[in-house]
Amino acid sequence: MHSILRPEYRPAMPQDTYSHGHHRSVVNAHAARSASDSAAYLLPRLQPGHRILDVGCGPGSITVDLAAVAAPGRVTGLDRSEDVLVQARALAAERGTENVEFLPGNVYDLDFPDDTFDVVHAHQVLQHLTDPVAALHERRRVTRPGGLVAVRDADYHGMSWYPELPELDEWMDTYQRIARGNRAEPNAGRRLVSWALEAGFTELEPSSSNWLYATEDRRRWHAGAWSQRVLQSAYAEQAVERGLASRADLARIAEAWLRWGEAADGWFLIPNGELLARV
């Protein structure tokens, strides 16, 4: 396989630890995402017949939406977890989406020839990588000249919430320490332009958008998801194993999430950096 990666990016394959893990509380939250709420910056650029790669597709809810827009073009979802790929394939079958496939793969070594895709998309992926620049190089390699690499990542330290419960400050501090312990960048949204420039892109279109949890239904959903994740996902495992929090601490944080979710004036804002990079 030919690659445009500079030699210094390829001597050893980075070994990444996914800070969230694949507990059902995490996967179910990801499965609630759609292209309209997570890839609106990209949708106007998609055309019928586009060949699309969705890197780190998870349970496939965004991927299947992209396939509907690009039909009859072929869309490939890629993830390293076979368990979530099974769920993604089931979703495609349920919706009757035939122009999509889901394959296992490595973000640093995509098993496709140069210039294969019109669009390479990744949602909330770069923040979990030890070498996001190398991953962007590889995405650039498999994108045809004139095509787009599209990335969107949250910025954890840019998140804001009310009421300002101290336990949510503990939650944030613990997550930052977990992610950085995995040599990842939890505040990735603000770094997208920098990483893309380092990866050799020159034609960039940055943007941003938010997820807001302030209505009763969305507030309770977000609180319920994170109260489970704090206790049961890789967040809990890593926090306890590394001595960042005790089980009692996690129980307090989980209970605070539920209290926040019940607050009539509750507000939680998640800013996301977005970038369209032309190849």
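Me: In which strand is His123 found?
Reply: This is a predicted model. His123 belongs to a strand that covers residues 117-123. That element is strand 4.

Me: Is His123 buried or exposed?
Reply: A residue is called buried when its relative accessible area is under 20%. For His123 the value is 6%, so His123 is buried.

Me: Which residues is His123 in contact with, leaving aside neighbours within four places in sequence?
Reply: Contact here means heavy atoms within 4.5 Å. With neighbours within four places in sequence set aside, the residues touching His123 are Arg33, Ser38, Val55, Ile62, Arg152 and Trp211.

Me: What is the length of the polar contact that joins the side chains of His123 and Gln124?
Reply: A polar contact needs a pair of N or O atoms within 3.5 Å. The side chains of His123 and Gln124 are joined by such a contact, at 3.4 Å.

Me: Is Ala88 buried or exposed?
Reply: Ala88 lies in helix 4, which spans residues 82-95. Its relative accessibility is 0%, so Ala88 counts as buried.

Me: How many Å apart in space are Ala88 and Ile253, C-alpha to C-alpha?
Reply: Leaving aside neighbours within four places in sequence, Ala88 is in contact with Gly58, Pro59, Gly60 and Phe102. Ile253 is 165 residues from Ala88 in sequence. From C-alpha to C-alpha, the two are apart by 31 Å.

Me: Which residues does Ala179 touch, not counting those up to four places away in sequence?
Reply: Ala179 is found in helix 6. At 1% relative accessibility, Ala179 counts as buried. Not counting residues up to four places away in sequence, Ala179 touches Ser19, Ala184 and Pro186.

Me: Where is the place of Asn187?
Reply: Asn187 counts as buried, because its relative accessibility is 6%. Its contacts, leaving aside neighbours within four places in sequence, include His157, Gln176 and Arg180. The place of Asn187 is in the loop between helix 6 and helix 7.

Me: How far apart in space are Asn187 and Asp153, C-alpha to C-alpha?
Reply: Along the sequence, Asn187 and Asp153 are 34 residues apart. In space, C-alpha to C-alpha, the separation is 8.3 Å.

Me: Which helices do the buried residues of helix 9 pack against?
Reply: Helix 9 covers residues 234-241, and its buried residues are Ala234, Tyr235, Ala236, Gln238 and Ala239. Just after helix 9, Gly243 has a positive phi of about 70 degrees. The buried residues of helix 9 pack against helix 6, helix 8 and helix 10.

Me: Which residues make the nonpolar surface patch of about 290 Å²?
Reply: One member, Trp267, is found in strand 8. Trp267 counts as partly exposed, because its relative accessibility is 39%. The nonpolar surface patch is made by Tyr162, Leu212 and Trp267.

Definitions and conventions: Residues are numbered from 1 along each chain as its sequence is written. This is a predicted model: local features need pLDDT of at least 70, side-chain atom pairs count only at pLDDT 80 or more; totals for chains, interfaces and linings use all residues. Side-chain values use heavy atoms; hydrogens and water are left out. Buried means under 20% relative accessible area, exposed over 50%, partly exposed in between (1.4 Å probe, protein chains only). Helices (H or I, at least four residues) and strands (E, at least two) are DSSP runs, numbered from the N terminus. A polar contact is a pair of N or O atoms within 3.5 Å; within protein, one must be able to donate a hydrogen and the other to accept it, and residues adjacent in sequence count only if both atoms are side-chain atoms. Patches are made of residues with over 30% relative accessible area and no salt bridge: like charges are joined within 9 Å, nonpolar side chains (Val, Leu, Ile, Met, Phe, Trp, Tyr) within 5 Å. Accessible areas come from the Shrake-Rupley method with a 1.4 Å probe; for residues, only the protein chains shown count as cover. A salt bridge is a side-chain nitrogen of Lys or Arg within 4 Å of a carboxyl oxygen of Asp or Glu.
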